[in-house]
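Please keep the sequence and the structure in view while reading.

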Amino acid sequence: MDNESIFKEELEKIKAELKKELTKELDKKIKRAIRKFNKDRLLLELYGTNNISFMLYCMHIIVYPGNENFAKWIYKAYSLTEWENRRFLEPDQKLTVREILKSFFGECNTLDDFEWQIDSEISIMKCGNPKIINTERKFRDYRLFCKELAEILSKKPVEYSVFISLVDKYLVNP
């Protein structure tokens, strides 16, 4: 073999190694971009309709605890936590407690917003006598409910029995 063919052969080996390394790095970047896109898509869903629906079902539960639809409202609120079962995310991607809390509070992260939502529920629902509540205390309870739920969900999916016990502890009982 002459020097030129040896040189060409070595050059081809180097090109192949570089191509392999660059392809590997590009694959990693593409996978990271897809994971970020999936997480962004999930967060957009969380901060959209789901958070408002979750909050409204909680308002129903707080205002009308004796209503015939009470169990249905609890289940619907619970079902909105199922997005946390990582439908869109890889198992090693976790949402933080802060991200989850942001989705739970949605349109209801201040006492004024909370009171407005409660008044709204009473005027819209008209399904029996609303429970007279101390909105300041219930807002604090709602925040504690969401915080405890978010802490559980940031680690694992919440079980229905646990969700019901949290509802009883914070949203129903005085």
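Does Lys138 count as buried or exposed? With a relative accessibility of 5%, Lys138 counts as buried; the term buried applies under 20% relative accessible area, exposed over 50%, and partly exposed in between, using a 1.4 Å probe and protein chains only. The model is predicted, so local features need pLDDT of at least 70 and side-chain atom pairs count only at pLDDT 80 or more, while totals for chains, interfaces and linings use all residues. Residues are numbered from 1 along each chain as its sequence is written, and side-chain values use heavy atoms, with hydrogens and water left out.

The protein chain contains six helices and zero strands, where helices (H or I, at least four residues) and strands (E, at least two) are DSSP runs numbered from the N terminus. Along the sequence, the pattern is therefore written α-α-α-α-α-α. Of the 174 residues in the protein chain, 36% are buried. A contact means heavy atoms within 4.5 Å. Among the contacts in the protein chain with a separation of 6 or more, 77% join residues 24 or more positions apart.

Lys138 belongs to helix H5. Apart from its neighbours within four places in sequence, Lys138 is in contact with Ile62, Phe114, Ile133, Tyr170, Leu171, Val172 and Asn173. Thr135 is also placed in helix H5 and, at 19% relative accessibility, counts as buried. When residues up to four places away in sequence are not counted, Thr135 touches Leu111, Phe114 and Glu115.

The next topic is the packing of helices. H5 and H6 pack at an angle of about 160°, with their axes 8 Å apart; axes are lines fitted to C-alpha atoms, for helices over the stretch in contact, and angles run from 0 to 180 degrees between N-to-C directions. That angle makes H5 roughly antiparallel to H6, since angles over 145 degrees count as roughly antiparallel, under 35 as roughly parallel, 65 to 115 as roughly perpendicular and the rest as oblique. H5 passes H6 in a right-handed crossing; a crossing is right-handed if the near helix is turned clockwise from the far one by less than a right angle, and left-handed if anticlockwise. On the H5 side, the residues that meet H6 include Lys138, Asp141, Tyr142 and Leu144, and their partners in H6 include Val162, Phe163, Leu166 and Val167. By class, the contact of H5 with H6 has twelve nonpolar, no polar and four charged residues. In this scheme Ala, Val, Leu, Ile, Met, Phe, Trp, Tyr, Cys and Pro count as nonpolar, Asp, Glu, Lys and Arg as charged, and the others, Gly among them, as polar.

H6 also meets helix H2 (residues 70–79): their axes come within 11 Å and cross at roughly 115°. H2 passes H6 in a right-handed crossing. From H2, the contact involves Phe70, Ala71, Ile74, Tyr75, Ala77 and Tyr78, and from H6, Tyr160, Phe163, Ile164, Val167 and Val172. This contact of H2 with H6 has eleven nonpolar, no polar and no charged residues.

Between helix H5 (135–153) and helix H6 (160–172) runs a loop that holds Lys155. Lys155 is exposed, with a relative accessible area of 61%. Lys155 and Thr96 are 59 residues apart in sequence, and their C-alpha atoms are 8.9 Å apart in space. Val97, in helix H3 (residues 97–105), is partly exposed at 26%. Not counting residues up to four places away in sequence, Val97 touches Ala150, Glu151 and Ser154.

Why does the structure hold zero disulfides? A disulfide is a pair of cysteine sulfur atoms within 2.5 Å. The sulfur of Cys58 has its closest cysteine sulfur in Cys146, at 5.9 Å, which is too far for a bond. Both residues are buried, Cys58 at 1% relative accessibility and Cys146 at 0%. Cys127 lies in the loop between helix H4 (111–125) and H5 and, at 23% relative accessibility, counts as partly exposed. Beyond residues up to four places away in sequence, Cys127 touches Tyr64, Asn67 and Trp73.
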